[in-house]
Each structure stands twice: as structure tokens, then as C-alpha cells.
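Reader: I have a structure I would like to go through with you. Could we take it step by step?

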Amino acid sequence: KMPKAQITIPTNRRPLRFFVLALSLLCVSVMQGQPAFAQTKVEKFKPVAIAIIDVKAVMRSSKAARSIRAQIEAQRAIYQKTFSEREKALREEEKALAQQKAIITQEAFQKRLREFKERVAQAQRDVQQHKRVLDQAFGNSMNKVRDVLIEAVAALAKKTEAGVVLFKNQIVIAEKALDISKPALELLDKNLPDVKVELLPGKSQ
């Protein structure tokens with residue numbers, strides 16, 4: 001039998017007591033060097049004006065957002081027409097392939113069938129790719145609108161001396177006078193009436 005490993009714990013606890021004492025003195029020294037936060041005088045908060053804004057409504061109603069949606073839908077219609085034509089061609093090819101099954105060899109039929117399935121799969125991949133292109137283009141364009149809206153809100157907050165601007169959907173009850181959605185929309189439309197939607201290079205065909 002192999003001897004069991006044993007760990008011997010020293011019985012002399014004097015060095016340990018010395019270490020604890022030294023550590024305690026060090027902690028006291030460090031704490032004495034820190035600022036006394038408990039003794040810091042707490043100042044009263046000054047009154048701050050609050051404003052609220054319906055960001056979603058402003059974004060949705062802005063001229064820039066409407067122009068973005070119109071461009072996206074126009075591009076989507078172009079894609080839809082192209083893929084409808086490809087789908088029609090594939091259906092006709094499928095019918096022709098079914099008719100050929102009885103007049104060509106099984107090997108030849110299987111080969112043409114594999115090629116046909118690959119074209120169908122490629123068409124489906126193209127559909128998903130174009131959907132991603134449109135989604136990304138829409139997101140990038142709306143980010144531009146959001147950036148300009150933030151600048152408009154900051155300008156209105158400065159003009160009205162509002163120290164805090166909150167989302168309207170986070171408020172249960174508020175005075176209508178606090179709502180800056182309308183002037184924010186007007187300023188956004190003035191500063192950004194239109195956004196040109198940019199598609200990723202080489203992904204629009």
C-alpha cells in the first residue's frame with residue numbers, strides 16, 4: 001500500500017497573530033488616508049425642469065422616415081418582380097423536367113434533378129440575402145434620423161431650459177405642456193427632410 005499524503009499544519013500560531021496584527025495596522029493606515037465621505041456635506045438638489053417626448057411617434061411621422069420607407073418599398077417591389085419571374089421560370093423548368101423523366105435515362109434525370117434543386121436553393125438564398133440588404137439599409141437610414149432627432153431634442157432642451165428629457169412611454173401622467181414631441185418633429189423635418197437609402201455594394205442585383 002502506498003502511504004497516504006499528509007499535510008502538517010504548524011502549531012505555532014505566533015507568526016499568524018503577528019500577521020493579523022500587521023494587516024490590521026495597515027488597514028487603519030489606509031483608511032486614515034481616505035476622505036471621510038460620511039462627513040461630506042450633502043447639498044440640496046436644485047429644481048430641474050422636465051420635458052417628455054414620444055420618440056417612436058416622431059420617428060414614424062418624420063419626413064425623413066417616410067422617404068426611407070418609400071425607397072425601401074420601391075426597392076422591395078423591384079426585387080419582388082425579379083424573383084417572381086425567377087419563380088415562374090423554375091416552375092416551368094420543373095414541369096419540363098417531369099415530362100422528361102419518361103424519355104431520358106434515370107442517371108440523366110437524377111443529374112438534371114440535382115441541378116434543378118440547386119437552382120431552387122440558390123434562388124431561396126438570394127431572397128434571404130436581398131431581405132438582409134433591405135433590412136440593413138433601413139436600419140442604417142433610420143439611425144441617421146435618430147441622430148438628428150437627438151440633436152433636435154438637445155437644442156429644444158437648451159431652449160426650454162429642461163434639465164431632463166424622458167420618453168413619453170415611461171410616464172404615467174404628465175402635463176401636455178411638458179411634451180416637446182411636436183416641436184421636435186418640426187425641427188427634425190427642417191434639419192433632415194430626406195434621407196437617401198444606400199444599399200450595400202454588389203448586393204442590389
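Author: We may begin with a definition: helices (H or I, at least four residues) and strands (E, at least two) are DSSP runs, numbered from the N terminus. This is a predicted model, in which local features need pLDDT of at least 70 and side-chain atom pairs count only at pLDDT 80 or more, while totals for chains, interfaces and linings use all residues. Residues are numbered from 1 along each chain as its sequence is written, and side-chain values use heavy atoms, with hydrogens and water left out.

Reader: Where is Ser141 placed?

Author: Ser141 is in helix H4.

Reader: Is Ser141 buried or exposed?

Author: Ser141 has a relative accessible area of 3%, and buried means under 20%, exposed over 50% and partly exposed in between (1.4 Å probe, protein chains only). Ser141 is therefore buried.

Reader: Which residues does Ser141 touch?

Author: Leaving aside residues up to four places away in sequence, Ser141 touches Ile68, Val195, Lys196, Val197 and Glu198. Contact here means heavy atoms within 4.5 Å.

Reader: Let us step back. What is the pattern of the protein chain along the sequence?

Author: The pattern reads α-β-α-α-α-β-α, with five helices and two strands. Of the 205 residues, 21% count as buried. Among contacts with a separation of 6 or more, 89% come from residues 24 or more positions apart.

Reader: How many residues does H4 have, and what does it reach from first to last C-alpha?

Author: H4 has 55 residues and reaches 80 Å, close to the 81 Å expected at 1.5 Å a residue. The expected span is 1.5 Å times one less than the number of residues. Just after H4, Glu161 takes a positive phi of about 60°.

Reader: How do the axes of H3 and H4 cross?

Author: The two axes come within 11 Å and cross at roughly 175°. That makes H3 roughly antiparallel to H4. Axes are lines fitted to C-alpha atoms, for helices over the stretch in contact, with angles from 0 to 180 degrees between N-to-C directions. Angles under 35 degrees count as roughly parallel, over 145 as roughly antiparallel, 65 to 115 as roughly perpendicular and the rest as oblique.

Reader: Now to charges. How many salt bridges does a search of the whole structure find?

Author: The search finds eight, a salt bridge being a side-chain nitrogen of Lys or Arg within 4 Å of a carboxyl oxygen of Asp or Glu.

Reader: Which residue forms a salt bridge with Asp126?

Author: The partner of Asp126 is Arg86, with the closest N and O atoms 2.8 Å apart. This pair links distant parts of the chain, since Asp126 lies in helix H4 (residues 106-160) and Arg86 in helix H3 (residues 63-100), 40 residues apart. Arg86 is partly exposed, at 29% relative accessibility.

Reader: And where do Lys111 and Glu115 lie?

Author: Both are in helix H4, four residues apart, about one turn of the helix. Lys111 is partly exposed at 45%, and Glu115 is partly exposed at 34%.
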